[in-house]
Amino acid sequence: MTTMSVAEYARECAAQGLRGDYSVCRADFTVAQGYDYSAEEQAVWRTLCDRQTELTRKLAHHSYLDGVEKLGLLDRIPDFEDVSAKLRKLTAWEIVAVPGLIPAAPFFDHLANRRFPVTNWLRTRQELDYIVEPDMFHDFFGHVPVLSQPVFADFMQMYGKKAGDIIALGGDEMITRLYWYTAEYGLIQEAGQPLKAFGAGLMSSFTELQFAVDSKDAHHVPFDLETVMRTGYEIDKFQRAYFVLPSFDVLRDAFQTADFGKIVARRKGEAALDPATV
């Protein structure tokens, strides 16, 4: 896994037209949150939260909803340190501000140390339905609430600790798929309970959350760690497969006991499975 200096990464992001200010990053790619949001930004946050909460109350897993209530995320743009103080008491995690996407190595290091990077800027009113870059609403409203759930919080830390080693073995695409289909687009159906969502890409999407949980056209697949690691995914359209966990314990235990060296050696170089037919 290659490393890149902050200055190099800032130049690359500027060349790509990314909107975050990477020039003020610390060595670990964090920045100050800078709580100086305008009245319009606060209004956009409330609009996003009000609209999405109507859906999450019906379609989100109870662990996510419990996290929203315990952390207090809806009335105004959250103060990262205030939320961190609450989250530390629940699962020993905290929030760190970043200007947007950061390189893999520091991202994994933050996860391994129970720090979740959250973008410090918010989309505009013209981007309510879709934004190319992950912003504060995606990171905070999407990811942070379920970090209050102890078993999932443990999985995320283990992911951060092991991801770099798996990439070094040549399993970069495989470990990325696992994050995509769990932390971003995961579904869960506990015994005797209706299907619910917990992935951040669903929590922060007005249209795909409804599709993934309620549509008869959504392709629901029982969770299997190796199958997940082999399955391709969509970046800018609805997923053609959603993997369904029976519990967070299954995810944590499968990750904890998997022999990733053998999986990568066996599957490296293979074409990704088609998510529509997996």
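A polar contact here is a pair of N or O atoms within 3.5 Å; within protein, one must be able to donate a hydrogen and the other to accept it, and residues adjacent in sequence count only if both atoms are side-chain atoms. Keep that in mind as we walk through this predicted model, in which local features need pLDDT of at least 70 and side-chain atom pairs count only at pLDDT 80 or more, while totals for chains, interfaces and linings use all residues. Residues are numbered from 1 along each chain as its sequence is written, and side-chain values use heavy atoms, with hydrogens and water left out.

Let's start with R123. You will find R123 in the loop between β2 (115–119) and α6 (136–143); helices (H or I, at least four residues) and strands (E, at least two) are DSSP runs, numbered from the N terminus. R123 counts as buried because its relative accessibility is 4%, where buried means under 20% relative accessible area, exposed over 50% and partly exposed in between (1.4 Å probe, protein chains only). The R123 side chain reaches the backbone oxygen of L128 at 3.3 Å and makes a polar contact with the side chain of D135 at 2.9 Å. Leaving aside residues up to four places away in sequence, R123 touches R19, V44, L48, L128, I131, D135, F137 and H138, contact meaning heavy atoms within 4.5 Å.

E133 sits in the loop between β2 and α6. With a relative accessible area of 14%, E133 is buried. Its side chain reaches the backbone nitrogen of R19 at 3.5 Å, and, not counting residues up to four places away in sequence, E133 touches G17, L18, R19 and W121.

Now for the helices. The axes of α2 (residues 39–59) and α6 come within 12 Å and cross at roughly 35°; axes are lines fitted to C-alpha atoms, for helices over the stretch in contact, and angles run from 0 to 180 degrees between N-to-C directions. From α2, W45, L48, C49, Q52, T53 and T56 take part, and from α6, M136, F137, F140 and F141. By class, this contact of α2 with α6 has seven nonpolar, three polar and no charged residues; Ala, Val, Leu, Ile, Met, Phe, Trp, Tyr, Cys and Pro count as nonpolar, Asp, Glu, Lys and Arg as charged, and the others, Gly among them, as polar.

Finally, look at α5 (residues 104–112) and α7 (residues 150–168), which pack at an angle of about 145° with their axes 6 Å apart. Here F108, L111 and A112 of α5 meet α7 residues including M156, Y159 and I167. The contact of α5 with α7 has seven nonpolar, three polar and one charged residues.
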